[in-house]
Amino acid sequence: MMLPQRYPLIEDLGFPNGTRAARERWAQEAKRERAKARWSSLAASIGLTLVLAFMGMLPWMLRRVASPGELNQHLASNMPMGNAHLGAEYYNIGAAIVDGRGFSDPFVVESGPTAWMPPLLVWIQAGLIYLFDGDRYWVMLCVVALKTALLCACGSLIVRQGWRRSDGWIAFGVLAIFLFSEFWDCFSFTHDGWLILAGVTATLFGLTHIESLVDENRLTVVKSIAWGALGGLIALSSPVAGFTWAVATALCLWRRAPVGLVTAALASVFVVTPW
């Protein structure tokens, strides 16, 4: 049987044909080749995604917001501007937290305590409001930077997976078409879509890893707790995304690892309980 040309013939390895040592050495070389290919595809996908993200950010930086004065003018005239939207109610509740009024007042007026919005984005923006002393312009810049970074991370995972399974250019092409067709929502509109995208992506790729752990009997209690805590954070970003995580996790584990499922469920409930 002829071996692939990129690997040496068995006789060339210095061992008699068919010996165990020859097979092990051949397997080690093949493993190194696969690892090299994976890292190369990952580096390429990250680079391509970062270039695409920069292309999307450049027109925003040059045109969408020229200065804090322009932003204030848009806010004062009540004109729609996606960059400064910041989730509207999310931002109002975050400002109320910083002002000492607690998780309340989603509609600008002092309407009292609320559970109107999931808290993760509220807490993030409350921290930024406190950090920049209520300067909405810098809060907006940080939120756009965060969502772009998460978009790059999610895009890189998708492209890398496509590169491992088939031609990575197909995955990158689909991603590029999506990003440019939904440019406003992806790069400019500052609502909660970026957190939901991150949560769904973490669920899909995380379950792939969880399944491999179950197959290898390596799903420990600590890993189950970590997976449950991630599910709780996803639920704090969006109840619908959290429900997606819960259903997917249950379908994956309820027969194959019931103890891991119960542990993850308890951990997620513990994280969500403060809300």
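Contacts (heavy atoms within 4.5 Å) between residues 24 or more positions apart make up 64% of those in the protein with a separation of 6 or more. The model is a predicted one, in which local features need pLDDT of at least 70 and side-chain atom pairs count only at pLDDT 80 or more, while totals for chains, interfaces and linings use all residues. Residues are numbered from 1 along each chain as its sequence is written, and side-chain values use heavy atoms, with hydrogens and water left out.

The protein contains eleven helices and zero strands, taken as DSSP runs numbered from the N terminus (helices H or I, at least four residues; strands E, at least two). Of its 275 residues, 39% are buried, that is, under 20% relative accessible area with a 1.4 Å probe, protein chains only. The accessible surface is about 15900 Å² by the Shrake-Rupley method with a 1.4 Å probe, and carbon and sulfur atoms contribute 66% of this area.

Helix 9 (residues 221-237) and helix 11 (residues 258-272) have axes that come within 7 Å and cross at roughly 40°; axes are lines fitted to C-alpha atoms over the stretch in contact, with angles from 0 to 180 degrees between N-to-C directions. The two helices are therefore oblique to each other, a class left after angles under 35 degrees (roughly parallel), over 145 (roughly antiparallel) and 65 to 115 (roughly perpendicular). The contact involves, among others, Trp-227, Gly-228, Gly-231 and Gly-232 of helix 9 and Gly-260, Ala-264, Ala-267 and Val-271 of helix 11. Its residues divide into eleven nonpolar, seven polar and no charged, where Ala, Val, Leu, Ile, Met, Phe, Trp, Tyr, Cys and Pro count as nonpolar, Asp, Glu, Lys and Arg as charged, and the others, Gly among them, as polar.

Notes
Buried means under 20% relative accessible area, exposed over 50%, partly exposed in between (1.4 Å probe, protein chains only).
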